[in-house]
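These are my notebook entries on one structure. I record what I looked up and the criteria behind each term.

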Amino acid sequence: CQGKGVQVTALCPGATESNFAAVAHAGVQAGGDGGEAPEAVAKVGLDALLKGECSVISGKSNRQMAFLPHLLPRRRAVAMVGQAWKKRLQSRGISV
């Protein structure tokens, strides 16, 4: 992250209130899933940059999901995430 005179921070947001899903034809409406406000995501990223952090994950549930593989066997973690996404997509009328 550091050492060459350039500071870089990787911001890893989850769902963010934006028009991205509509533009990406993801089958959901903008802001429809209650994602984080763009301003909140940007603040997390800028705060991390100013602290010199190499990466940051915005949102409590996103951080928990990112930590999950450290607690469970990989196969179980992948199955849990897959089940959660399948349920989420089906609730939106998207066949999986």
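**Entry 1: S58 and its contacts.** I looked up what S58 touches, taking contact as heavy atoms within 4.5 Å. Apart from neighbours within four places in sequence, S58 is in contact with L11, C12, P13, G14, E36, V41, V44 and R63. I am working from a predicted model, in which local features need pLDDT of at least 70 and side-chain atom pairs count only at pLDDT 80 or more, while totals for chains, interfaces and linings use all residues. Residues are numbered from 1 along each chain as its sequence is written, and side-chain values use heavy atoms, with hydrogens and water left out.

I then placed S58 in the loop between strand 2 (55–57) and helix 3 (60–71). Helices (H or I, at least four residues) and strands (E, at least two) are DSSP runs, numbered from the N terminus. S58 counts as buried because its relative accessibility is 0%; buried means under 20% relative accessible area, exposed over 50%, and partly exposed in between (1.4 Å probe, protein chains only).

**Entry 2: E36.** I turned to E36, one of the residues in contact with S58. E36 sits in the loop between helix 1 (20–23) and helix 2. With a relative accessible area of 21%, E36 is partly exposed. Not counting residues up to four places away in sequence, E36 touches A15, T16, E17, V41, S58, G59 and N62. I also noted a C-alpha to C-alpha distance of 8.5 Å between E36 and P13, which are 23 residues apart in sequence.

**Entry 3: salt bridge.** I searched for salt bridges, each a side-chain nitrogen of Lys or Arg within 4 Å of a carboxyl oxygen of Asp or Glu. The count is one salt bridge. D47 pairs with K43, and their closest N and O atoms are 2.7 Å apart. Both D47 and K43 belong to helix 2 (residues 38–51), where they are four residues apart, about one turn of the helix. D47 counts as partly exposed because its relative accessibility is 29%.

**Entry 4: helix 3 against helix 4.** I examined how helix 3 packs with helix 4 (residues 74–91): their axes come within 8 Å and cross at roughly 150°. The axes are lines fitted to C-alpha atoms, for helices over the stretch in contact, and angles run from 0 to 180 degrees between N-to-C directions. Helix 3 is therefore roughly antiparallel to helix 4, a label for angles over 145 degrees. M65, L68 and P69 in helix 3 meet A77, M80 and V81 in helix 4. The residues of this contact divide into six nonpolar, no polar and no charged; Ala, Val, Leu, Ile, Met, Phe, Trp, Tyr, Cys and Pro count as nonpolar, Asp, Glu, Lys and Arg as charged, and the others, Gly among them, as polar.

**Entry 5: whole chain.** I recorded four helices and two strands, in the order β-α-α-β-α-α along the sequence. Of the 96 residues, 12% count as buried.

Conventions
Angles under 35 degrees count as roughly parallel, over 145 as roughly antiparallel, 65 to 115 as roughly perpendicular and the rest as oblique.
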